[in-house]
Every structure is written in C-alpha cells, then in structure tokens.
Amino acid sequence: MLSAVARRRLKYVVAGSAVGTGALVYYNSATPIHHEPVSTRPPPPWTPPSRQEMLNRLKEEKEEFDLLIVGGGATGAGIAVDAATRGLKVALVERDDFASGTSSKSTKLVHGGVRYLEKAFWELDYEQYKLVREALHERRTFLTTAPYLSHMLPIMLPVYKWWKLPYYWAGCKAYDFLAGKENMESSYLMSKGKALDAFPMIKSDGLVGAVVYYDGQHNDSRMNMALIMTAVKHGATVANYTELTDLEKDKDGKITGAEVVDVLTGEKIRVKAKGVVNSTGPFCDELLALENPKDHKPIVAPSSGVHITLPNYYSPRRMGLLDAQTSDGRVIFFLPWQGNVIAGTTDSPSPVERDPKPGEEDVEWVLDEVRRYLSPDIMVRRGDVLSAWSGLRPLVRDPKAKSSQALVRNHLIHVSSSGLLTVAGGKWTTYRAMAEEAVDEAVKVFDLKPASGCLTRDVKLVGSDGWSQNMYIKLVQNFGVETEVAEHLAADYGDRAWTVLSYAAPTGLRWPLQGVRLNSSYPYIEAEVHYATQHEYAQTAIDFIARRSRLSFLNAGTALDVLPRVIQLMGDDLNWSTARRRAEWVKARDFLVSMGLPPSVDVQGELEAVKGRLGDAGPVRNWARWWLSPWHWARSISSPAGTPLAPAKTHHSRGLFSIEDLERVKRAFANAETTISRDEVGSLMKDMDLGVEGFELNDAFIDDALRAMGVRKDERIGFEQFWQVCVDLKTSAVAPSIQATIRNRIPVTKSGGGV
C-alpha cells in the first residue's frame, strides 16, 4: 500500500503529465498551411480604374468620403482594405508611390520576433509579450490571405556553446507554444553534422549543433500593391503622387476634409471626408504638426535599419540563419530572398528622410558579422554587395527609453482634439490587426455606418483566388515561357500572371516562345512594365525598378542596366516626352545611390551614353498579345452573338484573329463550360483563318495538335483547350524565327521546348 504522501505525490505527477501532454497535443495540433484555389481556371480579365479616373473621383464636390486615408504603405493600405470591405466609402492618397518608404525596405519577414520574446522574458515586459503574441497570431492570417506572396521559412540558430543549446531550444518551443493552433511548424534540434549539411556555409569550428524554428517571409512591396489593388476592387479610391497640403476644419475646429495636390501636374483638389486617418509611418509627425503646429509633441522615434543583398551562393535556397549574438548584442538575419541573399539589420536612431542612404560603416558592420559565422574558406568581399538600403522603422516613442533598441514596435492609435486619427508604430506582420483596430476607432469617433464588421481575416487579396503552387506549369504550357519566368510571375502576381503574360512579346526563339527578359540574370520580363503602367499605377521608372519589380533591391547595377529599356517601355505607354524620359533616367540614377550604387561622377555623360535607348516621344500600342490571350474570351464568349469582340477592323495583322473568326468561336462555345466534339473542332478550325503557311490544315495535323494538349481522340474539347491550339498556330505564324520548316510540328509550347 502506498502512503498518503506517496499517493499525493503520484497525483501531482499524473496531473502534471496530463497538463504537459495536453499542452503538447494542443501545440502540435496546428493545421498545415495549404491553399486551395477558388478556381483552377484563369481569372476573368479585370482592368482597374486609371489614376486619372481616381483623381476625377476625388474632384467630385458633391461626394463626401467616410474616410480619407493619408499614406499608402502597409498600414494605410491595410486600413483601406478593411474599411472598403466593410462597405465604407474610402479614399487614400500617397504623396510618393505606394510602399515607397518603410513598407518596401523591411527585412521581408512575417514574424512574431524571437528577440522580443526573449526581452519580454528577461525584462518582464508585458508590452513586448503582447507584441509577440499578437504578431504570431497574425502571422498565419498573413500567410493565408496572400499565399502566393508569402511562405514559411525555416531559420537556423547555430549554437557554439553546449549550455546554449537547451536555452535556444526552450526559447523556440516557447515561441511555438505561444502561437498555439496557429503555429506553422515545430522547431527542432539539429546535430552538428546535420546543421552543416543543411547550411554548409556556416563556420564549423566549435559548432555543437543548431536549433531550427519557422517564421514567414514575403515580398513586401508586392504585398503592399496587392493590398492597394484589393481595396480598389472593393470600391476604394486611391491615388499615388497626391500630397495632402492642408486640413480643412469647420467653425468648431473639427476636420471636415483636406486639400491635396497632384504632385505630377500641380493641380489642387479639395476632398470632403467625415474622418481623416494619418497613417504616414515615420512621417506621422509632419501631419500632426500641420494639424496642431503650436502644441505638437513628436510621437515617433525613427530608427534606421540597413540591409545588404549578396549573391545566392552565400546561403542555402530554402533556409535562413539568425545570429542572436552579434559583436554588439544586436540580432542579424541572413535570409534567402528572390534568388539572392539579404543580410541585416542594424538598429540605430536616424533622422526622417525620404530616401535614406545606407552608411558605409553600417554596411561594413553587417559584412563583419557575416564573416564571423561563415566558414573561413568563404571570402566575404565588399564587392559582393549587390545592393544596400536603409529603411526607417516607425518606432513608438517611449519617454523612459534610453536607446532605440529599447523601443517597442507596438502601435498606438491617437485621436486629436480636431479629429485627426493617427495610427503609428507597429510592424508589417500586424498590419491587419492595426487596420482593424483603427477602423473600429474611426467608426466610433466619426459615427460611420459600415455595412458589416471586420472581414479581413477571410478576405483573399487580389491574385489569390486562382493561384496554386502548380499554377506556373499552366503558364509554361499556355504561353511558352521559361519555367523560371513562370515561377517568378506566379509568385509575384498570383493569378494575375495570366494578365501579365497577355502583354508578353514573342522572343523570336525556338524556346521560349514568349517573355522577353529585361536582363538575362533575372526572370523579370518586359510585359511586367506594361502591366505596371496599365494595372498598378506605376508613374515613374523608380516605381517599377524598386517596387513593382524588386530589381533595385536585388542588384542595383542590374537595375541601372535595364533602366533605359524600362524608361522606353513606360514612356511609350504613358506618352512621355523626350525631356521627361531623360529626367526619369537622372532621377532613377540618383535613387539607385540610396540602393548602394556609387554616385555618378558624370551624370550628364552617362545620360548621353544611354539617351539613344530611352525611346522617342509618342505612344506605341500593340493589342496583339491581349487578343491572343487564351483566357481573354473565357467570359466574353457567353455574351449574345453579334456583340463586338474586338475593335472594328476587318483584320488587325497576321498575329491577330479576324472578327469573323472570333464570332465563329463565340457561336461554337455558348459559354465557358461548353464542349464540342473532335469533328466539330476540325470543321471549326478549317473555317478559321489561322494564318499558318507551309502546310495543309488537315485532320492528321489537328490530331497531332490535340494530342500535344493531352486530349484523347474521343474526348470532347472545351473552350480553353481549343483556343490554346489556335493561339499556338497563330503564334507560330508571327514568331520571326519559326519558319515553315518547323510549323508542321507539334507546337513548341506544348512539347516543353524539345523535339
């Protein structure tokens, strides 16, 4: 028989084990992040209102917006999405470009902050703890609302002292546990051998093992753009390069609107609004000073974070590294991103400026830290730095803090006596929660009448509905682009990649058929420039090289190399004069200095050398690729027969389908679900003018083409399959180097580039 004391001890052990087991089960019950596309079909075409249409909306004197949001970064864009999806009438203005400040210059992580959790524990800081807890719960929402722009990333903490191994392991487990059911993957220990296998670049001398934990990673400026376009799709009015210059108040001193200026033309516009939201990040104090110039006290203490970009051989492609013990106690990340490696960041007080330049001292500090944990046989050279940038963190000022590092990146929401609602602080990961809280406060303060509560936990951002991890394969098969290009487009645009590729030009090569690269080292193509101007409000060359694409962050030198071509394409789309094209080159060249490029010793000399490649003034339009796009007709074919499907021309060129042919297809396919038999396909194709020379369009050829599409002989054919065969034939007819000698083969697009 057990004594009473023994029985009591046994109860404690059993109870403790039960609690521990329950906690472990709860922690391990996190569901995997897996995105199921709403539809596997290409999305219907959508062209957002132009910037000029947006400005015209702002000019409507009879209209009063519920909210006028100032600032187009992560916070402002998030608030716009939240408010618009609640049914509120929203306007957003940004004096520069969307994400032109802090929101494009982050560490690219979606994380709770292991460092903050450690501080919260040792300093018993509840604010730090709240920040980590909130961020960990938001992290999963972040990764599910825009799955194509964000993903999980394992991050290694190399350990060089035995006693730190259980310390780091316990910390990472606490990090996992705090995320609860919204955790991504479990952290785990690694032996020295496995750590070196996974990350062979790290220093092996003294290594005792490693701990690997999971956080998220994203493409920050593309995420910002997805938020902006989602707000637009839900009815918001947005305008970049539109600066707020004055606040309008009633006789009681309450804000009733604002005066904004179109920075590109100088035109002034008065905007009426029930409430104005200040979400300008590090520049919050400027608007607060405008609202109350006499008694304003700064609420933001900006801190500078410098990052550098290195070649991809510095890190594995699918694992990052965290150095928690730098020479001065700061934390440095070493992360694969967009095919290269980024390292950073510093953390030091900084003045507020639009394009802060990275200091050479900061760049050298990051390189020194990289040298400390990489293998001695890897020469870390200053010349390997492909790009360097400095971002301003909008840290909330704590009057008791003695240093920038002690500041908490939590957010605050403040409403002034005149009714200016300011949202300051926070971080990328918590943008959605900040927006929800801000709109809740705005509804209360400005007495707004939303149609619903907050919906943003479940709202998929533009590009998400038709995206899947395998979507890039359809892009390769349907457009004949390189696999690397297709993967890049799917990862940056989601299901909008179909629209991007509708602008793609033939390469003139046997493979790839379409998608002319801006530079052979990176997968960005010229079609993205057209898409940026027509669908994403890009107004300057800097907008494209820095934020619509990420070239200036990946390689400042390459960005300079492609700059003339970008200006030529944008100038053709936006009707730039010769003087404007040259001015764009000078401004972009100066901007690249803030990205680590050495200043020019002779700007005018460099301009003279490239001016012949900037293009001539005047628009150049090529609608061929739009009409060739196989999914463009997926929705329009269901409209009544006789509805015009193309501009009223008998035939555009050899690269376009005649109106008569389009009408034939439209009659054959009543809607996107209609299928037709093999015999009907043959009859329809023979009636069409496919413009293919050098062979007879007979049954054998049609059978070969359909077989290449994976269609069985007795299978009925849908619109998408039929149209793609026609597009292949038409593309073959216009591709410069595809002559009659190869036009009688199975279309290259469908054979993967081989014979």
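**Terms and their grounds**

Guide: Q338 is found in the loop between β13 (332-337) and β14 (340-344). Helices (H or I, at least four residues) and strands (E, at least two) are DSSP runs, numbered from the N terminus. The model is predicted, so local features need pLDDT of at least 70 and side-chain atom pairs count only at pLDDT 80 or more, while totals for chains, interfaces and linings use all residues. Residues are numbered from 1 along each chain as its sequence is written, and side-chain values use heavy atoms, with hydrogens and water left out.

Visitor: Why does Q338 count as partly exposed?

Guide: The relative accessibility of Q338 is 30%. Buried means under 20% relative accessible area, exposed over 50%, and partly exposed in between (1.4 Å probe, protein chains only). The value of 30% therefore makes Q338 partly exposed.

Visitor: What is the phi of Q338?

Guide: Q338 has a positive phi of about 55° although it is not a glycine. Most residues other than glycine have a negative phi, and most peptide bonds are trans. A99 also has a positive phi, near 65°, and is likewise a residue other than glycine. A99 lies in the loop between β2 and β3 (109-110).

Visitor: Is A99 buried or exposed, and how do you know?

Guide: A99 has a relative accessible area of 2%. That value is under the limit for burial, so A99 is buried.

Visitor: Which peptide bond is cis?

Guide: The bond from W511 to P512 is cis, with omega near 0°. P512 belongs to the loop between α14 (497-501) and β19 (517-519).

Visitor: What makes strand β2 mostly covered?

Guide: Of the 5 residues of β2 (residues 90-94), 5 are buried. V90, L92 and E94 point one way from the strand, whereas A91 and V93 point the other way, and all are buried.

Visitor: How many bridges join β1 to β2?

Guide: Strand β1 (residues 65-70) is joined to β2 by 4 bridges, and the two run parallel. Two strands pair if DSSP finds at least two bridges between them, so with 4 bridges β1 and β2 are paired. L67 stands opposite V90 in β2.

Visitor: How is T245 classified, and why?

Guide: T245, in strand β8 (residues 242-249), has a relative accessible area of 34% and is therefore partly exposed. Beyond its neighbours within four places in sequence, T245 is in contact (heavy atoms within 4.5 Å) with E259, V260, V261 and L290. The C-alpha atoms of T245 and V261 are separated by 6.9 Å, although the two residues are 16 apart along the chain.

Visitor: How does S552 count, and why?

Guide: S552 lies in helix α17 (residues 551-554). Its relative accessibility is 0%, so S552 counts as buried. Leaving aside neighbours within four places in sequence, its contacts include I545, A546 and F591.

Visitor: At what angle do the axes of α3 and α8 cross, and what does that make α3?

Guide: The axes of α3 (residues 74-85) and α8 (residues 220-233) come within 8 Å and cross at roughly 30°. Angles under 35 degrees count as roughly parallel, over 145 as roughly antiparallel, 65 to 115 as roughly perpendicular and the rest as oblique. The angle therefore makes α3 roughly parallel to α8. The contact involves A74, A77, G78, A80, V81 and A84 of α3 with N224, L227, I228, T230 and A231 of α8. Its residues comprise 8 nonpolar, 3 polar and no charged.

Visitor: What does the crossing angle make α12 relative to α13?

Guide: The axes of α12 (residues 471-479) and α13 (residues 483-493) come within 8 Å and cross at roughly 130°. That value makes α12 oblique to α13. M471, Y472, L475 and V476 of α12 make the contact with T483, A486, E487 and A490 of α13. These residues divide into 6 nonpolar, 1 polar and 1 charged.

Conventions:
Axes fitted to C-alpha atoms, helices over the stretch in contact; angles between N-to-C directions. Nonpolar A, V, L, I, M, F, W, Y, C, P; charged D, E, K, R; others polar.
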